[in-house]
Amino acid sequence: MSDTQIQLEGTLILADPSLRDGFFNRSVILLASHSADEGAQGLILNHPTGHTVGHFLKDEAFSHLERIPVHIGGPVSREQLTFSAFWWNPTDGLHWQLRLPANEAVERSKQPGIVVRAFVGYSGWTAGQLESELRRDSWIPARPSASLFGKEHSQDLWAEILRDMSPYHRVLAELPENPEVN
C-alpha cells in the first residue's frame, strides 16, 4: 500500500511502548486531519494537565466550562487554550469540531450527546512524517468506539484501548512503563 492510499483522519493512534519521549509516552491521539501531501494534525486525548478551564477562564460567561479538565493536546502551540467538541453518530461514527471559540464551546456543551474538551497545544506531522513513523511501528492505529468519550481521558486510556484490541495488544498494555528496570 502506498502512502497516498493511507487514510487516517478520524483514526486513533496509540504510541507504541518503545516511543517513550515526554510528549508521546503512552499517548492516545485522535487524528483530526491527515493528508499524504499536507501532513497530519491531532490531539492527545489522555494527557491531563491537572487543571480545569476555570483555572484559566475566570469570566462568568464561561462558568459552564469551568469544570472541564484541560489536556495537553501536543507539543505545538501550547500557549493557547482551545476547545473541541466530539459526538458519535451511529451511522458514520465519530465527529469532531476543533478550535471552537469559548462562547461556542459553551453552546456546544449544552447540547445532548456532545462532549466538549479543552486542550493546550496539538500534535502535528509534516507531509510523509507520520507515514514514516507508522512504517517504523512507532504508532498503533485503532478505530474509535462509541464509548470513547464516555471514558475518563487519563493515562489509563492507552492501556484500556490496547486491552480491547487483541491478545497481543493486551500484553503490550500490561508491560511496565520501563521494562528494562525489572
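Leu12, Leu14, Leu45, Leu130 and Trp139 touch the most other members of the largest nonpolar core, which has 33 residues. Such a core is a set of buried Ala, Val, Leu, Ile, Met, Phe, Trp, Tyr and Cys residues joined through side-chain atoms within 4.5 Å; buried means under 20% relative accessible area, with a 1.4 Å probe and protein chains only. At least two residues of this core come from each of strand 1 (12-15), strand 2 (28-35), strand 3 (39-44), strand 8 (115-125), helix 3 (129-135), strand 9 (139-142), helix 4 (156-165) and helix 5 (167-174). Helix 4 contributes the most, with 5 residues. Helices (H or I, at least four residues) and strands (E, at least two) are DSSP runs, numbered from the N terminus.

The model is predicted: local features need pLDDT of at least 70, side-chain atom pairs count only at pLDDT 80 or more, and totals for chains, interfaces and linings use all residues. Residues are numbered from 1 along each chain as its sequence is written, and side-chain values use heavy atoms, leaving out hydrogens and water.

Beyond four places in sequence, the contacts of Trp139 (heavy atoms within 4.5 Å) include Leu14, Phe24, Trp125 and Leu130. Another core, of 16 residues, lies apart from the largest one and has Leu65, Val70, Ile72 and Ala85 among its members.

Asn46 sits in the loop between strand 3 and strand 4 (48-52). Asn46 counts as buried because its relative accessibility is 0%. Its side chain reaches the backbone oxygen of Arg26 at 2.8 Å and the backbone nitrogen of Val28, also at 2.8 Å. Among the other residues that Asn46 touches are His71, His153 and Trp158.

Conventions:
Buried < 20%, exposed > 50% of the residue type's maximum accessible area, 1.4 Å probe, protein only. Polar contact = N/O pair within 3.5 Å; in protein donor to acceptor, adjacent residues only side chain to side chain.
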